[in-house]
Protein chains: 2
Amino acid sequence: MNDKLQFEVTAINSGARARAGRVTTSHGSFDTPAFMPVGTQGTVKALTQQMLEDAGASIILGNTYHLYLRPGYPTINQLGGLHRFISWERPILTDSGGFQVFSLNELRKLSEEGVAFQSHIDGSAHFLSPEKSMDIQAGLGSDIVMAFDECTPFPASREEALASLELTNRWARRSRQRLAELHENSAAAEAVGISIVNKTQALFGIIQGSTFLELREQSLAELVDIGFDGYAIGGLSVGEEKRSMFEVVSHIAPMMPEARPRYLMGVGTPEDIVEAVALGVDMFDCVMPTRNARNGQLFTSRGKLNIKNSRYKDDAQPIDDACRCAVCARYSRAYVRHLYMSGEILGSVLSSLHNVSFYLDMMKSMRQSIVLGTFIEFRDSFLSGLARGQD
Amino acid sequence: MNDKLQFEVTAINSGARARAGRVTTSHGSFDTPAFMPVGTQGTVKALTQQMLEDAGASIILGNTYHLYLRPGYPTINQLGGLHRFISWERPILTDSGGFQVFSLNELRKLSEEGVAFQSHIDGSAHFLSPEKSMDIQAGLGSDIVMAFDECTPFPASREEALASLELTNRWARRSRQRLAELHENSAAAEAVGISIVNKTQALFGIIQGSTFLELREQSLAELVDIGFDGYAIGGLSVGEEKRSMFEVVSHIAPMMPEARPRYLMGVGTPEDIVEAVALGVDMFDCVMPTRNARNGQLFTSRGKLNIKNSRYKDDAQPIDDACRCAVCARYSRAYVRHLYMSGEILGSVLSSLHNVSFYLDMMKSMRQSIVLGTFIEFRDSFLSGLARGQD
């Protein structure tokens, strides 16, 4: 690849495989290990872009599937791309659309060419393929594009998992070819009605293979052979046991190219992220901080706190007295609980802001501890704090 | 009254009765004419306190009825009062609860003593009286307390309107007596389970009399006889014609004590507010900017804009290019429309922030024009801008 993205490892922790680094894109840099808040429909739910910037989000994720259906990539492309459309000048990663096609659509039809599916909004018929996913992501102009993959269902037999990863790898090759074509040949982009708003889009390949370690190795080897700017571990956090997930991550992460960012997709709890960082993973995304916030579940340094609990009715303390976020600086548990119980929008806003800040602060603490060589101590102390349990 | 509130008129426009001034409370000052965003349940819907401060809100309104039912005034009082509970250190006005009892409850029972009603949340039985309303508002510790009134239903016969205003005035006297008792006698507060968190609460009386001008005069005269820190025109914007409303306001506003703030309750559209300022009104509140925002209706200097309209799908312009709010500085109509159509919380947040900012900026422009002696020119130009109509 032609340096669509620079990745520099700045520190590796001696006791663990944890590493700190910096990824540079055409929309600036972000430090790793990084957590990417999920901006499904062009918005990290309930938060303004200003809040995200102030909380320290240096990269966010957009969902190709959702933005394709609404407002549509030609609209976003015509308005200058996703960065301009949502007014976010820092890096954006877009997923391939594959995961949502598989998780939101019962009536999909898979073929070598791609996936036919019906919109979950209005039932209209659509078709996604590696080429189409690249067209959309090129139209959006994200800084990191994900190859179109089949997220292998769980559980899967070895045979099924093998067939699935082989399909994913053929699609990865087609993804790479199509994205290069779009970038290098303006007529190709014109032909599908878009203009190229970001010529320096990096492309990540996605490792599949379910819980079969040798299939994970095979998937990775083939992807490395094709060559990507970064590599992601997909098909986890889809129903398998935690033990299986970490068996895969601990096996495959150390085999992933050292000079490229390693991204564990869709993970996870604070505990999961800390453990995966210890295994050498650099990037994460998850809807958990925002989704749980809207359900009244708040993350704290002493474990999860359910703000619906009546014990917080008169509680003048901040959500987490160890937290330095804008919510904890100003509001009490009693107020946030009142907002939640009253169904007020501000309850979702403040809860989401706190949870996203908690995740981002956790990543920052990890990065600092890796640089200082104290990651193991941070991990042990952080995890024992979480385990105290507040719910 | 003992100077619970200072009011200074700083400029009176020569061509109209419009006046600019400053009200000072124990939580600081606000300039008039002032618009008070409505914080029904201890939150101006969808906005953070930081957003309100940045948008220039210098006083907000809290609803006694809603806060009484949830989370309850003993809870708020115990946590230090409404200012501390919601983290808002600028002035707060609380209404008396009367309006909501009448508008949200079919099953209310009115007597000389007060009003029995059922909670709109869980059907539980409650009783509000002038004394109870003062107990609640003292517990909340707002800077401006409203006397407990009966909002005369519309339409009303002359007889009904007379009986209603006389009841309201007897309740006004009882309100004044009770609030003084609570402030002067700590045992009285203790006896109802509250502590006095704000000793310098001002009390406003509410003029009723429906659309009968001589009844409005009678109501005002009796209230002035009792003596209040400010006077409000109630019982308007409840279904009467616009013409009737302005007949009442233009008749009664000039008769209201010059040395006290004049407050027109529950009004209204930008046009209504500008006209009422021209008649000498100083204070306003209305749910319109926030409620309409959540329904996709945005205020602009060229009239209302319905963001649902498909014509805005690809519109890269800000909501109002003459607006200096944080939303117009950053986001396009196309993005706000996308958020609205996708049911995203951020759509409500940005729309509410824009609309509230529009109202606050309009008040600021009016204040400046009054001080400069150009209010008539401002009014004519502003109203003709609105009339261009964008919807």
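Reader: Which residues are buried in helix 11 of chain A?

Author: This is a predicted model, in which local features need pLDDT of at least 70 and side-chain atom pairs count only at pLDDT 80 or more, while totals for chains, interfaces and linings use all residues. Residues are numbered from 1 along each chain as its sequence is written, chains are lettered from A and ligands numbered from 1 in the order in which they are written, and side-chain values use heavy atoms, with hydrogens and water left out. Buried means under 20% relative accessible area, exposed over 50% and partly exposed in between, with a 1.4 Å probe and protein chains only; helices are DSSP runs of H or I with at least four residues, strands are runs of E with at least two, and both are numbered from the N terminus. In helix 11 of chain A, the buried residues are A:Pro270, A:Asp272, A:Ile273, A:Val274, A:Ala276, A:Val277 and A:Ala278. Because 7 of its 9 residues are buried, helix 11 of chain A is largely enclosed by the rest of the structure. A:Gly280, which follows this helix, has a positive phi, near 100 degrees.

Reader: At what angle do helix 11 and helix 15 of chain A cross?

Author: Axes are lines fitted to C-alpha atoms, for helices over the stretch in contact, and angles run from 0 to 180 degrees between N-to-C directions. The axes of helix 11 (residues 270–278) and helix 15 (residues 375–387) of chain A cross at roughly 165 degrees and come within 11 Å. That makes the two helices roughly antiparallel, given that angles over 145 degrees count as roughly antiparallel, under 35 as roughly parallel, 65 to 115 as roughly perpendicular and the rest as oblique. The contact, meaning heavy atoms within 4.5 Å, includes A:Val274 and A:Val277 of helix 11 and A:Phe382 and A:Leu386 of helix 15.

Reader: How do helix 10 and helix 11 of chain B pack?

Author: Helix 10 (residues 242–252) and helix 11 (residues 270–278) of chain B have axes 10 Å apart and pack at an angle of about 25 degrees, and they are therefore roughly parallel to each other. On the helix 10 side B:Lys242, B:Met245 and B:Phe246 take part, and they meet B:Asp272, B:Glu275 and B:Ala276 of helix 11.

Reader: What describes a pair of aromatic rings?

Author: The distance of the centres and the angle of the planes describe such a pair. Rings of Phe, Tyr and Trp (its six-membered ring) pair if their centres lie within 6.5 Å, and planes under 30 degrees apart count as stacked, over 60 as edge-to-face and the rest as tilted. The count comes to 22 aromatic pairs over all chains. For A:Phe85 and B:Tyr335 the ring centres are 5.3 Å apart and the planes are at 80 degrees, so the pair is edge-to-face. This pair crosses between chains, from helix 4 (residues 82–86) of chain A to helix 13 (residues 333–341) of chain B, and both A:Phe85 and B:Tyr335 are buried.

Reader: Where is B:Arg262 placed?

Author: B:Arg262 lies in strand 13 (residues 262–264) of chain B and counts as buried at 5% relative accessibility. B:Gly280 is 18 residues away along the chain, yet its C-alpha atom is separated from that of B:Arg262 by 7.7 Å.
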